[in-house]
Amino acid sequence: MTQVLPLRTGWDSAPDGLAEYPQDLPPEWRLAYFANAFWGVLVPSKLWREVGPVGAAGWLADTPARFRFFLELMEGDRESASAVAAALGDRLGGLVGAASAPGAGPSRLLRVAAEPGQTGPLAARGLAWEVPVPLIRDLRGARAWVQARVRGQGLRGVDGGATPGAAPPLLALLGECRFEDLARWQAMLELMGLA
């Protein structure tokens, strides 16, 4: 069975300026608060590059063992991502970068993190789809959208063949959505049996 993981970009408050954390919560506790409510996060390239491996390793102490970090991979990030990925260890969910082939389907492709110093191509491990903005709050539409992606989520044509073994994960990228929307997506996916 395919597992679908909804991810928000970063753990900062929503860009609309509305506070999503308790007013008296110290800023350094925000990641811990976020990680205790959600399953994972897409860490923007700018953030993980700023904190580096030492800062990323510090995130592990603030989050439960089940929480996963996915690193946004931009052009030229490969080498520095390798060091941050190594610091995160088994808490790294993967690297999320641009699709490697035109017409491959998803706007982004989840890839396995490279070992430090590795220069070869990254192996495809799953798919990551950017959720259309109107569907972030429309759960009826979102349900149909998720079902369509689960039905057609094979990796053929992206990495030359299907991934053996268990079905690859499917990430639903929600951007900088409100926390309440991410919570509703998690609940929807649990009810659908896809969590």
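Reader: How many residues of strand β1 are buried?

Author: This model is predicted. Strand β1 covers residues 4-9 and is mostly covered. Of its six residues, the number buried is six.

Reader: Which residues cover the two faces of β1?

Author: Both faces are covered. Val-4, Pro-6 and Arg-8 are buried on one side.

Reader: In what sense do β1 and β7 pair, and over how many bridges?

Author: Strand β7 spans residues 170-173. Its pairing with β1 is in the parallel sense. The number of bridges is four.

Reader: Which residue of β7 stands opposite Pro-6?

Author: In β7, the residue opposite Pro-6 is Ala-172.

Reader: What is the bridge partner of Arg-8 in β2?

Author: Strand β2 holds residues 40-43. It pairs with β1 in the parallel sense, over two bridges. There, the partner of Arg-8 is Val-41.

Reader: Is Gln-186 buried or exposed?

Author: Gln-186 sits in helix α6, residues 179-191. Its relative accessible area is 7%. The cut-off for buried is under 20%. Gln-186 is therefore buried.

Reader: How is Ala-195 classed: buried, partly exposed or exposed?

Author: Ala-195 lies in the segment after α6. Its relative accessibility is 47%.

Reader: What separates the C-alpha atoms of Ala-195 and Pro-6?

Author: Along the chain, these two are 189 residues apart. Ala-195 also has contacts with Gln-3 and Val-4, among others. Between the C-alpha atoms of Ala-195 and Pro-6, the separation is 9.3 Å.

Reader: Are α2 and α3 roughly parallel or roughly antiparallel?

Author: Helix α2 covers residues 45-61, and helix α3 covers residues 78-88. Their axes come within 8 Å and cross at roughly 10 degrees. Angles under 35 degrees count as roughly parallel. The two helices are therefore roughly parallel.

Reader: How many residues of the contact of α2 with α3 are nonpolar?

Author: On the α2 side, the residues include Trp-48, Pro-53 and Leu-60. On the α3 side, they include Ala-81, Val-84 and Leu-88. The contact has two polar residues and one charged, and the nonpolar count is 11.

Reader: Which residues of α3 are buried?

Author: Some of them also meet α2, including Ala-81 and Val-84. The buried residues of α3 are Ala-81, Ser-82, Val-84, Ala-85 and Leu-88.

Reader: What pattern does the chain follow along the sequence?

Author: The chain has six helices and seven strands. Read along the sequence, the pattern is β-α-β-α-β-α-β-β-β-α-α-β-α.

Reader: What is the average pLDDT of the chain?

Author: At least 70 is the score reached by 75% of the residues. Over residues 112-121 the pLDDT is below 50, though this stretch has 19 contacts in the model beyond near neighbours in sequence. Residues 155-164 also stay under 50. For the chain, the average is 81.

Note on methods. Residues numbered from 1 in each chain as written. Predicted model: local features only at pLDDT ≥ 70, side-chain atom pairs only at ≥ 80, totals over all residues. Heavy atoms only, no water. Buried < 20%, exposed > 50% of the residue type's maximum accessible area, 1.4 Å probe, protein only. Pairing = 2+ DSSP bridges. pLDDT = per-residue confidence, 0-100. Contact = heavy atoms within 4.5 Å. Axes fitted to C-alpha atoms, helices over the stretch in contact; angles between N-to-C directions. Parallel < 35°, antiparallel > 145°, perpendicular 65-115°, else oblique. Nonpolar A, V, L, I, M, F, W, Y, C, P; charged D, E, K, R; others polar. Lists of a residue's contacts leave out its neighbours within four places in sequence.
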